[in-house]
Amino acid sequence: MKVDVLLGLQWGDEGKGKIVDVLTPSYDIIARFQGGPNAGHTLEFEGIKHVLHTIPSGIFHPNVINLVGNGVVIDPVVFSAELDKLKPFGIDFSSRLLLSKKAHLILPTHKLLDAASEQAKGKNKIGSTLKGIGPTYMDKTGRNGLRVGDIFSPNFMEKYQALVEKHEGILVHHTDFTYDLAALEQPWFAAIEVLKTLQAVDSEHYLNQALQNGKKVLAEGAQGTMLDIDFGTYPFVTSSNTVTAGTCTGLGIAPTKIGSVIGIFKAYCTRVGSGPFPTELNDATGELIRKEGNEFGATTGRPRRCGWLDLVQLRYAIMVNGVTELSMMKSDVLGIFEHINVCTHYLINGEKVTDFPYDVTDLEIEPVYEQLEGWHCDLTELEDFESAPAPLKNYVTYLQAQLNVPIRVISVGPDRKQTLQN
Ligand code: GDP
Ligand code: IMO
Ligand code: MG
């Protein structure tokens, strides 16, 4: 068997949580491969809304294993709070939730370093979620990190103290940054005890064995392609590989074992945090999208920046991920417009640009739009795509022709049920 991958093609928050939940009944294992509590994945069903940060979005389906892979960074405090929130739903975590022994731990001092670094950057800040993601991945590649497997080691405390001393050696240079580490450590160590109650596994062996036994695996991406450390709008990115290749390194899966790559995008575009966004609308239209789409971050509550769909950006994301099928989300939100704009190319210094450029931060980019007819109606009660209004069908046909990839799913609301197949 192969591993299918579902990942975001824009700047995150495309609706990955919802679609993973919808697809889970067709899989045996759902595995997160990168990112950490910077993610906020929303699922809605039976009138209840759930937001997951580290736990994979397949957790609500009985008999499905949810695995947190080696590429993920785990904050024990956030993780333990997620478990607490799920307790009323009677999920058997000890048998259904597995952690890779190789996943790295976010220490309280990683969060402090994240905050101190952002404070020092001032107006150039990344707009980090302040969950300690950057400093934790820095320690991973710097070969200093602590991993889940270490919590069972008799010298865990020594390893912890050595790393904290390193961090404090950096924090002293941030003279105007104050903190109370002891207050953060108490809940952190309590949460480490909670982690110990779960199964820590050699996840690369576990997954490859499962594939050999005919199990179906879906890898769940976090963030989005334009936040990828290599291919995103650097330096305004996260610190992991969010693209398909991240599945291989974040789970221990060979490239030859990748199956379908499901790319997910909003029918428009959003971004939260700093950094370039060529089709951003700093006007009443952008405000309308934010209001209608309820575009506020699932992790930080920050308002998301909104703009029209950008085909230059989307084609780039499809290319680097090898996307084989698409899911278009939040189509209902555009129901407020009589006309919809889609960016087909950029003008840079008067020249037409169709390939996403190296530098989008300092260049003056003028997005060029094609205007399409809007459906201008409520889609949220729509039960099948055949009955969709003609302008929505045209929008889908137009995008498929522009992107050369079939759009298999059209989402018309946040609920599981508001999902149409094409
Ligand atoms: P993720 O990080 O990719 O999982 O996405 P988020 O959960 O951060 O953000 C997506 C938001 O849009 C959530 O509030 C979802 O409940 C909501 N959502 C998902 N699909 C749709 C849709 O088709 N229509 C509407 N109106 N909301 C949606
Ligand atoms: P999901 O999985 C949207 C953004 C932050 C910031 C940048 C770096 O819910 O789609 P970090 O905390 O990773 O150092 O922040 O990346 N960011 C996200 N934006 N959705 C996310 O995750 C994000 N995770 C990080 O806003 O600009
Ligand atoms: Mg999100």
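This is a predicted model: local features need pLDDT of at least 70, side-chain atom pairs count only at pLDDT 80 or more; totals for chains, interfaces and linings use all residues.
A pocket, on a 1 Å grid over the protein atoms alone, is an open set of points with protein on both sides within 12 Å along at least five of seven lines. I count a molecule as sitting in one if more than half of its atoms lie within 2 Å of its grid points.

Residues are numbered from 1 along each chain, and side-chain values use heavy atoms, without hydrogens or water.

Ligand 1. I looked up its space, and that is the second largest pocket. Shell elements giving two or more residues are α1 (16-23) and β3 (41-45) (DSSP runs: H or I of at least four residues, E of at least two). I get 20 surrounding residues (a heavy atom within 4 Å), with G15, K16, T42, D332 and S411 among the closest. The shell splits into five nonpolar, seven polar and eight charged residues, Gly counting as polar.

Next I checked polar contacts (N or O pairs within 3.5 Å). Ligand 1 oxygen atoms lie 2.8 Å from a backbone N or O of G15, 2.7 Å from a polar backbone atom of K16 and 2.9 Å from one of G17. The protein covers 93% of the ligand's 580 Å² of accessible area (Shrake-Rupley, 1.4 Å probe).

Ligand 2. Here I find 21 residues around it, D13, K16, H41, T129 and T238 coming nearest. Oxygen atoms of ligand 2 sit 2.5 Å from a polar side-chain atom of T129 and 2.9 Å from one of R302. Taken alone ligand 2 exposes 550 Å², and the protein buries 97% of that.

Definitions and conventions
Chains are lettered from A and ligands numbered from 1 in the order in which they are written. A polar contact is a pair of N or O atoms within 3.5 Å; within protein, one must be able to donate a hydrogen and the other to accept it, and residues adjacent in sequence count only if both atoms are side-chain atoms. On a 1 Å grid over the protein atoms alone, a cavity is a set of points where a 1.4 Å probe fits but cannot get out, and a pocket is an open set with protein on both sides within 12 Å along at least five of seven lines; lining residues have an atom within 4 Å of a point.
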